[in-house]
Amino acid sequence: MGSLQHFLNSPISVPFSPNLNHRRSFFLRACLNLDVHSPDSVKPKTHLKSREVMEMEGKVLVGTYARNPVVISSGKGCKLYDPEGREYLDCTSGIAVNALGHGDPDWVKAVVEQANLLTHVSNVFYSVPQVELARRLVACSFADRVFFTNSGTEANEAAIKFARKYQRFTNPDEKQQVTEFISFSNSFHGRTMGALALTSKEQYRFPFEPVMPGVNFLEYGDVQAATELIKSGRIAAVFVEPIQGEGGIYSATKEFLQSLRSACDDAGSLLVFDEVQCGLGRTGYLWAHEVYRVVPDIMTLAKPLAGGLPIGAALVSEKVAAAIKYGDHGSTFAGGPLVCNAAIAVLDKISKPGFLASVSEKGQYFKELLIHKLGGNSHVREVRGLGLIIGIELDVPASPLVDACRDSSLLILTAGKGNVVRLVPPLIISEQELERAAEIILECLPALDKTN
C-alpha cells in the first residue's frame, strides 16, 4: 500500500444525539492526502495509462460527455481503481446503478453461469430468466405484468406508448383522443425523444426541438394546478418522480401524490411513477412510493435492477396491460437471459427486509452525520433525502467541491442546477465508509471559498 498521510487536529466533542451517540462518541477531523493502491485481486489488467486512455477517447468517441479526468479500470465493493492503482471511495454507484457495489460474488456467479448457458435469443422465443424475473417483480409490487426494456428512458418511452394506447382502447369512439401528458419542474425522464419531451430542463430539449407535443409542465408539488389540469379531460397520463434525483433530490409530499392519484382516478388518466433512480431499495423501501402509500398504474425502473448491466422495465396494472396487443411494442435485446439472471440476483438480495432496514439505518445515520459536520458552513443550505439518496444544497456551484473531493479520492456527483451535491453510494456501503466520505467532504469545503 502507498502512503497514507493524516493531518490530525485535536479530538472534538460531539453533542449528544440519540441517533449518533450509540455509534460514535467522538470524531476526528482529518485532512486526507491519499495515495492508496489497489490490492492485487483488483489490479487493473491494462497496460494503458490514464492519460493515454483520455487522449484516445478524445479521438474516437462522440463528445457527448463532460467526463471527470479519471479513468476507472477496476472495482471491488465500494472502491474503484484507476490504471495506476489509485483507490477511490465510490459515492456515485455509476449514477445509482451499482446498488450491490462492484464485483458482488452472487451477481458475478449469476452472470457467469448464465453466460455459459444462454446469453441472447430475442423475444421471438420464451426464456426462463425473463419469466422468472417478471414473476418476482409482480410478486413484490403493485403490478400485474411487466414489459422489459434496455434502459430507463426506454421504460418511459414504453409508458408513453402504453398510456396513449390505454386511452384509445378505453375510449374507442372518442373523436378527440386523449393524448396529452403532465410532467413537473426539475423532472428528468430520459434523453430519447418522448422521454426528453417530459424532461423539464430546456437545455436538454432545445437542440432537438420539435420534441413530442402535448406535454404540460407544472410546478412540482402544486396540488391545485395539477388537479385542475387533470380534470380538464385532456391528460392521458401524469409522469412524476416520487423523489427527484437529477432534479436535485426533492421528495414529493404524501398530499401531492395522493391528490394526483385521486384526480387521475376521477378523470380516467394514468398515474406513472418514474422510479428509475429512486426505486429498488435506494430509499430503504423496496419502492419509493411505498413511503407515501400511493399506488401508480405504471412504474418505470432501470438503474440498479441488473447491478450494472443494461435493463429497464415498465411495471403495469392489469387494466393497462389489457390495452396492449401483439406488435404494439417490442425490443430485440430487452429481457435477455443474461441480464435477467443478473437482475434476479440483485432483486433477491435487495428485497430482503434486513437489507432494506440496513439501507434505512445507514441513510439516516449518514444524513445526520452530514448535518452535524456540514451544517455550520455558510455555503450549506440544506441536507435532504431519504435512505441512501442524499442531496447537499449549496448557495454556490458544487463543482469545485466535487473536484476537490475527487482529488482526495472520493467520487460524488452534482444535481439540480449544479448547486446540489448528489450522494448515491452502493447500498452495501459501511458506516465506516460513510464516515470517511463525510470527513472528506468536510475537509474539502474550503474549495468553495477559493473559487467563489
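## Aromatic pairs

Rings of Phe, Tyr and Trp (its six-membered ring) are taken as a pair if their centres lie within 6.5 Å, with planes under 30 degrees apart counted as stacked, over 60 as edge-to-face and the rest as tilted. By this rule there are six aromatic pairs. In one of them, the centres of Phe-147 and Phe-162 are 5.6 Å apart and the planes stand at 85°, so the pair is edge-to-face. Because Phe-147 lies in strand S8 (residues 145-149) and Phe-162 in helix H5 (residues 152-170), the pair ties together parts that are 15 residues apart in sequence.

## Basis of the model

This is a predicted model, in which local features need pLDDT of at least 70 and side-chain atom pairs count only at pLDDT 80 or more, while totals for chains, interfaces and linings use all residues. Residues are numbered from 1 along each chain as its sequence is written, and side-chain values use heavy atoms, with hydrogens and water left out.

Helices (H or I, at least four residues) and strands (E, at least two) are DSSP runs numbered from the N terminus, and two strands pair if DSSP finds at least two bridges between them. S5 runs antiparallel to strand S6 (residues 79-81), and three bridges join them; Ser-74 has Tyr-81 in S6 as its bridge partner.
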